[in-house]
Amino acid sequence: MIRVRDDLRALEGYHSAQVDVRVRLNTNESPEPPPPAFRDAVAAEVSRIDWHRYPDRAATELREAIAEAHGVDPAQVFAANGSNEVLQTVLLAYAGPGRTVATFEPTYQMHAQIARVTGATVVEGERAADFTLDPEEVIRVIETFQPDVVFLTSPNNPTGLVEPADRVRQLLEIAPGLVVVDEAYAQFADWSALDLVSEDRPLVVTRTFSKTWSMAGARLGYLIGPSWLVAELEKVVLPYHLDAFKQVAGRLALRFSDEMDDRVQQVVSERDRITTTLADMPVDVFPSGANFVLFRPTQGIERLSGHAVWQGLIDRSVLVRDCSSWPRLENCLRVTVGTPAENSEFLDALQIVLEGGEAGQPSNEIVGSEVAADGENS
Ligand code: PMP
């Protein structure tokens, strides 16, 4: 019998519960498809792809378009199949056996997961009960462990909190290694660490086309960082990893930035409506700078557990992310901002569940093991 690597045996795979519902607000995607003009432009260009040839290995035009959008040099752009693959490439190059990667929990679980898969040791700093990050904790983690790579996620997933600029600057001053700021949701927030990227600073900022650009189906992400670091990543990533179709789709998407900005505005205003409405319900709401909101049913005599509320929503055909059994997130649920109609449906269903205690009825549509396997990779 062949055996998997010893250090992988303890790791669990990551999946999302597949539940058949009407309103799907659990994976932080864009609620709208890309604009019709984008589809037309892609269709026109795709018909000209040389399918018998390997794609442009350097993804030159795509990188130029991303660089132009951010006012940086194309040599400072590294693109890959989703920001998850960007993160994996960074960790293959800068983590690995004998190296240490630091996270501040709770945060996006794939940071620790990918780091472990590369063979690195993961050290977990702790956030405060309100999920903010104490500067003293940053100092403790850095001084104690001297990590080779440190992650911050801003806005953080699943909490939604935007990391203050001072925290990123503090980290840059004291970190001995690479600082990665994961900005999968930055367009929904009011500041970005992109301005801090420079050739003489070991900082990368990662972005994705999966949210703002309505392109989760295409799997495209990138980072902006020093060109010498991008050159190292190019050595690590597989040749021709970005297919020709994706290069076209990503490049064309960037032409629709006005439409995408409008959608971001709509999501932000709906997020604020959800937050305000939740504030009048018996739940704790965490301030979000992202396209989702974390909340927790509050204690009361007739209190429902987070999981019971989640089940109550499922019974009303609304799916949110059940974080209630994840470490440090007891009873928490996370709702992705959907269309205005979907958000209203969610809010109405939640009101009824919280008032009526209708939750907790096992639904036919979901089985226990699927619930338990509701890991976080989105
Ligand atoms: N970073 C964060 C914080 C995320 O929440 C996600 C996905 N939800 C990703 C990265 C990965 O995004 P993708 O691979 O789709 O670009």
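## Helix α11

The buried residues of helix α11 are G306, A308, V309, W310, Q311, G312, L313 and I314. Buried means under 20% relative accessible area, exposed means over 50%, and partly exposed lies in between (1.4 Å probe, protein chains only). Helix α11 spans residues 306–315 and is mostly covered, with eight of its 10 residues buried. S317 follows α11 and has a positive phi, near 65°. Helices (H or I, at least four residues) and strands (E, at least two) are DSSP runs, numbered from the N terminus.

## Basis of the model

This is a predicted model, in which local features need pLDDT of at least 70 and side-chain atom pairs count only at pLDDT 80 or more, while totals for chains, interfaces and linings use all residues. Residues are numbered from 1 along each chain as its sequence is written, and side-chain values use heavy atoms, with hydrogens and water left out.

Helix α7 covers residues 165–174. Its buried residues are A165, R167, V168, Q170, L171 and L172.

## The loop between β5 and α7

V162 sits in the loop between β5 and α7. V162 is partly exposed, with a relative accessible area of 27%. Leaving aside neighbours within four places in sequence, V162 is in contact with S154, P155, A189, D190, W191 and G289. Contact means heavy atoms within 4.5 Å. F104 is 58 residues from V162 along the chain, and the C-alpha atoms of the two are separated by 13 Å.

P155, one of the contacts of V162, is also placed in the loop between β5 and α7. The peptide bond from S154 to P155 is cis, with omega near -10°.

Most residues other than glycine have a negative phi, and most peptide bonds are trans. A cis bond also runs from E105 to P106, with omega near 0°. P106 lies in the loop between β3 (100–105) and α5 (109–117).

A59 is not a glycine, yet its phi is positive, about 45°. A59 belongs to the loop between α2 (36–46) and α3 (60–70). A59 is buried, at a relative accessible area of 3%. Y240 is not a glycine either, and has a positive phi of about 60°. Y240 is found in the loop between α8 and α9 (244–253). At 34% relative accessibility, Y240 counts as partly exposed.

## Salt bridges

A search of the whole structure finds 19 salt bridges. A salt bridge is a side-chain nitrogen of Lys or Arg within 4 Å of a carboxyl oxygen of Asp or Glu. D6 takes part in two of the pairings described here. With R3, the closest N and O atoms are 3.4 Å apart. With R9, the closest N and O atoms are 2.6 Å apart. D6 and R9 are three residues apart in helix α1 (residues 6–9), so about one helical turn separates them. R3 is exposed, at 59% relative accessible area. R9 is partly exposed, at 49%.

In helix α8 (residues 227–236), K235 and E232 are three residues apart, about one turn of the helix. An α-helix has 3.6 residues a turn, so residues three or four places apart point the same way. The side chains of K235 and E232 meet in a salt bridge (2.7 Å, N to O). K235 counts as exposed, at 62% relative accessibility. E232 counts as partly exposed, at 31%.

## A negative surface patch

D258, E259, D261 and D262 gather in a patch of negative charge on the surface. Patches are made of residues with over 30% relative accessible area and no salt bridge; like charges are joined within 9 Å, and nonpolar side chains (Val, Leu, Ile, Met, Phe, Trp, Tyr) within 5 Å. Lys and Arg count as positive and Asp and Glu as negative, with His and the chain ends not counted. The place of a charge is NZ of Lys, CZ of Arg, CG of Asp or CD of Glu. Accessible areas come from the Shrake-Rupley method with a 1.4 Å probe, and for residues only the protein chains shown count as cover.

E259 lies in helix α10 (residues 257–279). E259 is partly exposed, with a relative accessible area of 32%.
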